[in-house]
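Please look over the sequence and the model shown here before reading the notes that follow. The briefing moves from the chain as a whole to its strands and then to one helix.

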Amino acid sequence: MLVEASRSETAQQAEAPEYDLRQIDSNPNFWYPVAWAHKVRPGKAFPTRYAGHPIALIRPEKGPVYALEDRCAHRQVPLSKGLVEGDCIKCCYHGWAFDRAGKCVTVPYLNRSDVGRPVRAYPCREKAGLIFIFPGDPALAETVQVPDIAQVGNPEYKTRQFGPRLKCHYTFMHENLMDMNHQFLHRRQMGSITARFLGQDKGDNFLEARYSFARKGGNQPLAEALIFGKHHDLEGREQPVEEVVSIRTTYPYQTLKIHDKDGDLIMDLWACYVPLGSDQQGTQAFGLLSVKKPKWGFLLDLAWPALGLFTHRIFEEDREIVELEQKAWRELGGDHNVEVFPIVKALRALLARGGVPNKAARPLKKG
Ligand code: FES
Ligand SMILES: [Fe+2]
């Protein structure tokens, strides 16, 4: 027994990140959502950013959206303030015009196309109501898949979008969702339920944890009953909840899926946490939540606002906590977490492996 315990401890230490996790930047060699597609209107430009890099998304009247560095090559004013003309964006200051490759095609007051410098163009895709860019090495963009997202486009599901901004490092968000042991935080919204860890799967770039839940007291919230169906009252006895909740981080994305007792997928959440500033201590989350339509689809339409409110309230509780964690990190000058749950330790190791230590990151002292 003793030998086994020390072996598993050594394995866990081997998995521990070498750097403070909050000094691990997100890996730019993936596709990241940077805007909801409907916000980038035809004939307009839209400002956004990834990890401190300003980005202009440009949607010509005809043709696909494209992404350029949001700084004019002339005097670095935001191109997103300019005019979209044909397939080009014309800077608002002196009218230099840039095409979708970022090439300056005209400097109008000299009537020349060969004097202006280019701006950086980012590979850009539109999928599932989101605009993605590839902020890393553009040569790799074609080799990396744009992720599949929840059940967007599947007529059997209704999908809602949500996009909160959070004052915390993206890694806190992964940990928060994966760690279902924090249901205590949500006791006012969910009643008293406890998570039971069922098992895990892991690979080089992913980790999945599965849980079931048991209700120990309090009433089942209405919105929860609408998704899962009403659980019968067992007169004070612990009430098993037969759904299985699977949370998976496939770097850098995260999903939460709920299957009912027949194995049907009844809820499917996809999320990506995109760093905003160069210190990566602010995050723009993009989430899509698909809920299976019941036999009478209009019931879900009726319940939709209540469901939105329910998920919003739970999310606001999570927001407060992850922002407080970030505040403590800042005040203490580093990560003092004492993590004891193996799945969260494994997740921290995955996030450390997947990301890139920032310039300030110093290796953690061992022992
Ligand atoms: S600053 Fe853009 S054209 Fe001069
Ligand atoms: Fe939570």
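A residue is called buried if 20 or more other C-beta atoms lie within 10 Å of its own, exposed if 12 or fewer do, and partly exposed in between, with the C-beta atoms placed from the backbone. By that count, 31% of the 367 residues of the chain are buried. This is a predicted model, in which local features need pLDDT of at least 70 and side-chain atom pairs count only at pLDDT 80 or more, while totals for chains, interfaces and linings use all residues. Residues are numbered from 1 along each chain as its sequence is written, and chains are lettered from A and ligands numbered from 1 in the order in which they are written.

**The chain as a whole**

- The chain holds 6 helices and 21 strands, where helices (H or I, at least four residues) and strands (E, at least two) are DSSP runs numbered from the N terminus.
- Two residues are in contact if their C-beta atoms, placed from the backbone, lie within 7 Å; of the contacts with a separation of 6 or more, 60% are between residues 24 or more positions apart.

- Two strands pair if DSSP finds at least two bridges between them, and strand β3 (residues 44-50) is joined to β4 by 7 bridges in an antiparallel arrangement, with Ile55 in β4 as the bridge partner of Thr48.
- The hairpin formed by β3 and β4 has 2 residues between the strands, and Ala51 in this turn has a positive phi of about 50°.
- On to the next pairing, β4 and strand β5 (residues 66-69) run antiparallel over 4 bridges, and Ala56 has Leu68 in β5 as its bridge partner.
- β4 and β5 also form a hairpin, with 6 residues between them, in whose turn Gly63 has a positive phi of about 95°.
- Strand β4 (residues 53-59) is largely enclosed by the rest of the structure, because 5 of its 7 residues are buried.

**The sheet β6 to β9**

- An open sheet is made of 4 strands in the order β6-β7-β8-β9, with antiparallel pairing, and its edge strands, β6 (83-85) and β9 (104-106), each pair on one side only.
- Within this sheet, strand β7 (residues 88-90) is joined to strand β8 (residues 97-98) by 2 bridges, and Phe98 in β8 is the bridge partner of Ile89.

**Helix α2**

- Helix α2 (residues 170-178) is mostly covered, with 9 of its 9 residues buried, among them Tyr170, Phe172, His174 and Glu175.
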